Every structure is written in C-alpha cells, then in structure tokens.
Amino acid sequence: MKNRKRDWQSIEAEVQKTLQSLDHAEKVKAKPFFFTRLQHRLEPLQADRRAPEMSSIFIRILRPALMPLLVVISIGAGVSIGYKAPTRNRTEAANALVEAYGLSAPDLTQYTLTNIR
Amino acid sequence: MNDSALIDKLKTGNAQAFQDLVEQYKDLVVNTCYGFLRNRDDADDMAQDVFVEVYKAVHTFREEAKLSTWLYRIAVNKCLNRIKQNKRRRWIRSLQTVFGSDEEAQEIVDESIANPQADLEQQERARVLQEAIESLAENQRIAFTLSKFDDLSYQKIAEVMDTTIPAVESLLNRAKKNLQQRLYDYYKS
C-alpha cells in the first residue's frame, strides 16, 4: 500500500516536472536577413502586380483614343472603295434594271455618285 | 505608426509599410510557428509563408480584428495545415518502409532533441511532452500552445480563435487534464 502511494507520488512528481518545463519554454526569434529572404520570395508576386498596371494604362488612355481612329479609318476605306468602283459596271446595272422592268425613267446614271460633285 | 495607419498604407501597396510590418511582427510570428512546429528552420519558413499570405490578402483585411490577431490566425492555420501534411507524409513513408523502399525515413524532430548538448533527461521530457501535445484535440492544442508558448491572455486567445473567454478556459482545463493523463500513463508504464 505504501509502495503504491510512493509510486503514485513519484509519477505525479514526474508529470508536474514535465509540465513545468513549459514554464521556461524558449522564445525564438526570426533568423538573420528574414526580410531579405522574404523579399526574394515576393519578387514574382510583385512582377505580376506591375503587369496589370500596364494593361490598365492601355484600357484607360489608349483604347478610348483608338476607337474614334478606327471608326474614321473604316469610313475612309468604305468611301475609297465606293469611288474606285468602275462607272461602266454601275451604268450597265442601271440599264439592266430599266430593261428588266420596262422603265421609261431617265438614265439612272444621273443619280449615281459620279454625278455628285 | 499605429495599426490603422499601417493597414491603410499596406492596402495601397506601400513597400515601406510592408517592411515595417515584417520588422514589427516577425519575431511574434516565428515564435508562434515554433510553438506548433517545434523546429527552428520550419518555424522560420512558415513565418515567411505567413507574410507572403499577408502580402497577397491585405486588401481583404476588414479591420474587424486587430492586426496581430489576424497574424496569429494566419500563423495558426498554416501551422496546423503543415502538421496535417507532415502526418500524411509520415504515414506514406511508413508504408514505404513496410514495402521496402530504399529511402530513409526522416523524422520531424524537436530541436531540443536534435541538440546534442541538451541534457538527456530534458530531451526525453521534451519528446514526451511534444507527443502528448500532438495527441490533443485541435482546439485544445491551439489554446494550449498560444497560452504556453506565446503567453497570450485568455482574452487574446479568444480573439484569435474567434470564441469566448469561458470557452478558452474550458479548452485549457481539458488540455491540461488530458496532458496530465497522457504523461501519467507514460510514466506509469
């Protein structure tokens, strides 16, 4: 009986001693050059952040300027194609219409673009 | 610079503010990670992971909690994820050992055990204690580690764990009882 009590007491003492070792637990600090190493890890992320800045400049400034320019170029291309179309083809097409529908109207060429100056 | 001003600067991507944050909190984060991982190199690496996470996520920080609370939360979550990963790896390595893999099993060892100058008795106590703490339920382990290794108050632990002070007290009581029982069983055998 006494031995059992002594055993229990010694076990209890060991348990408390082990738990008390935490009271003196070592506090650790960061190793040297912590921030320098961290910076190295952040470099890819920082590069990714810079790339979207360039695209935002494109969106905010260049795209609004490009849109009217594209519209003007499109109109100019359309007009240019219209002027270059051969007169003979338009005259033939107009006469074909007159023949097909038996029109007695004046020559349609007077209404085509070549007569508009 | 107070936390609020620091956070405002961090959200604008101010590099100096981020450096100030790291210098101010790096030891706190490393020590917290060490409390869970019990390895100096791992704790340092994990602390770096924590600050990378802060860098990426600072614009989502809503300032409902203090900056230090947020840092503790990130550190605790990352450490617990690492511990779970390590357990899976150990399990896989043990399978490999059973099936005769040539790779040597690498144990994750507390530094006090790895330190040859540490007293043998101290080494044994540290090992037994580490195993006992690892056997605790997750919430008990978090509360106990933050209390013993970070010296956090019940109030602060409650903030980090997003719970109440009575809940923290209960967790710590249960943790202590479970540790005592575990250690008793060890020393009895």
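A: Let's begin with Cys33(B), which is buried at 0% relative accessibility; here buried means under 20% relative accessible area, exposed over 50% and partly exposed in between, with a 1.4 Å probe and protein chains only. Its closest cysteine sulfur belongs to Cys79(B), 3.7 Å away, which is too far for a bond. Cys79(B) is buried as well, with a relative accessible area of 0%. A disulfide is a pair of cysteine sulfur atoms within 2.5 Å, and over all chains the structure holds zero of them.

Keep in mind that this is a predicted model, where local features need pLDDT of at least 70, side-chain atom pairs count only at pLDDT 80 or more, and totals for chains, interfaces and linings use all residues. Residues are numbered from 1 along each chain as its sequence is written, chains are lettered from A and ligands numbered from 1 in the order in which they are written, and side-chain values use heavy atoms, leaving out hydrogens and water.

Now for the rings: there are five aromatic pairs over all chains, counted when centres of Phe, Tyr or Trp rings (the six-membered one in Trp) lie within 6.5 Å, with planes under 30 degrees apart called stacked, over 60 edge-to-face and the rest tilted. Phe35(A) and Phe18(B) have ring centres 6.5 Å apart and planes at 50°, so this pair is tilted. Phe35(A) is buried at 11%, and Phe18(B) is buried at 6%. Together with Tyr55(B), they are linked by ring pairs into a cluster.
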